[in-house]
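Trainee: Hi! Could you walk me through this one? I'm new to it.
Mentor: Happy to. Let's bring it up first.

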Amino acid sequence: MALQALHSSGVGLRRILAHFPEDLSLAFAYGSAVYRQAGPSAHQENPMLDLVFTVDDPVAWHAMNLKKNWSHYSLLKLLGPRIISSVQNNYGAGVYFNPLIMCDGKLIKYGVISTGTLIEDLLNWNNLYIAGRLQKPVKIVSMNESTVLRAALDKNLKSAVTTACLMLPESFSEEDLFIEIAGLSYSGDFRMVIGEEKAKVLNIVKPNVVHFRELYESILQKDPQMVYKMHQGQLEIDKSPEGQFTQLMTLPRTLQQHINHIMDPPGRNRDVEETLLQVAQDPDCGDVVRLAVSSIVRPSSIRQSTKGLFTAGVKKSVIYSSRKLNKMWKGLAQEWRRRWMCCPGQPL
């Protein structure tokens with residue numbers, strides 16, 4: 001099962017987890033502190049560890065965490081756990097982040113999301129925010145026995161494969177596929193213009209092809225519309241209108257709705273299935289799907305980043321943003337140096 005590849009144990013991660021309330025349905029770590037990345041992150045000393053905690057009852061969890069870790073929160077803590085949970089659930093992408101926290105000698109950022117909100121995002125891509133992070137290799141530190149959550153995690157991976165394949169040609173490499181998958185949650189993200197290095201997706205995928213393969217191998221092998229030449233690292237997908245229609249019909253509901261909104265002329269109010277049938281026969285099918293993904297990610301990323309000003313506080317937000325901008329400038333400098341070494345005298 002693809003989900004098994006997500007699992008990882010680590011004493012250091014479990015030591016950090018011990019500082020927080022235990023009532024977690026899922027806890028995972030992600031980012032450059034967990035899996036090596038190319039680019040500016042490759043040479044970063046003691047990179048910040050990113051964590052996400054999934055909880056069944058956000059009010060109860062924040063109440064316990066406020067008692068244990070009062071200093072982690074911004075001034076919103078003065079309003080109590082119910083307001084914190086309301087901000088978490090009703091604004092942005094349904095996740096509440098506390099960044100720049102020293103825990104067990106490690107600088108961390110952790111987000112809290114309700115189990116119900118995560119399952120909805122995994123199945124339907126309402127925000128493609130935490131669901132997007134779980135489409136890339138992560139280290140799962142803790143997970144309960146919920147079959148509903150496990151099924152949603154697996155469905156999210158299958159949806160990522162289907163969406164990426166719709167945007168690729170008939171034949172492509174494993175790396176091509178993994179680059180498309182890793183780029184889904186960055187498609188339309190305004191932080192890719194301000195604050196994130198431009199080559200971020202490539203920097204994530206290239207050093208971690210083995211981990212992506214572990215995550216997706218069984219899905220690729222079982223897909224009836226795909227030919228997976230594992231030893232050659234090559235794949236073929238059914239690009240007939242019938243094949244693409246089948247793929248479009250399995251996409252997450254919110255993505256289907258966004259495709260319908262893009263393609264449906266004002267006043268027509270066509271059925272989603274009718275629209276998908278039209279898109280399946282369109283030579284620009286992949287471009288339509290890409291545009292629909294962007295239309296989910298863009299507003300979600302803007303709302304979540306705006307929310308961070310309140311949940312993290314102004315001081316931490318400025319420090320955190322400056323770290324991101326510094327990484328972006330380092331990435332640009334590396335790219336300029338590479339181009340100059342390749343073509344000296346040419347304009348950068």
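Mentor: Let's begin with Asp154, which counts as buried at 12% relative accessibility. Keep in mind that this is a predicted model.
Trainee: Okay, and what does the side chain of Asp154 meet in a salt bridge?
Mentor: That would be the side chain of Lys158, at 3.7 Å from N to O. Lys158 is partly exposed, with 42% relative accessibility.
Trainee: Where do Lys158 and Asp154 sit, and how many residues apart are they?
Mentor: Both are in helix H6 (residues 147-166), four residues apart, so about one helical turn separates them.
Trainee: How many salt bridges does the structure hold?
Mentor: Nine. One of them joins the side chains of Arg213 and Glu174 at 2.8 Å, N to O. This pair links distant parts of the chain: Arg213 lies in helix H9 (residues 209-222) and Glu174 in helix H7 (residues 174-183), 39 residues apart.
Trainee: Is Glu174 buried or exposed?
Mentor: Buried, at 5% relative accessibility. Arg213 is partly exposed, at 25%.
Trainee: Switching topic, what is the order of the strands in the sheet?
Mentor: The five strands run S3-S4-S2-S1-S5 in an open sheet with mixed pairing. At the edges are S3 (95-103) and S5 (139-143), each pairing on one side only.
Trainee: And in which sense do S2 and S4 pair?
Mentor: Parallel, over seven bridges, with S2 covering residues 49-55 and S4 residues 106-114. Asp50 stands opposite Lys109 in S4.
Trainee: Which helix packs on the sheet there?
Mentor: Helix H2 (residues 58-68), which touches S2, S3 and S4. The direction of H2 makes about 150° with that of S4.

Methods: Residues are numbered from 1 along each chain as its sequence is written. This is a predicted model: local features need pLDDT of at least 70, side-chain atom pairs count only at pLDDT 80 or more; totals for chains, interfaces and linings use all residues. Side-chain values use heavy atoms; hydrogens and water are left out. Two strands pair if DSSP finds at least two bridges between them. Helices (H or I, at least four residues) and strands (E, at least two) are DSSP runs, numbered from the N terminus. Contact means heavy atoms within 4.5 Å. Axes are lines fitted to C-alpha atoms, for helices over the stretch in contact, and angles run from 0 to 180 degrees between N-to-C directions. A salt bridge is a side-chain nitrogen of Lys or Arg within 4 Å of a carboxyl oxygen of Asp or Glu. Buried means under 20% relative accessible area, exposed over 50%, partly exposed in between (1.4 Å probe, protein chains only).
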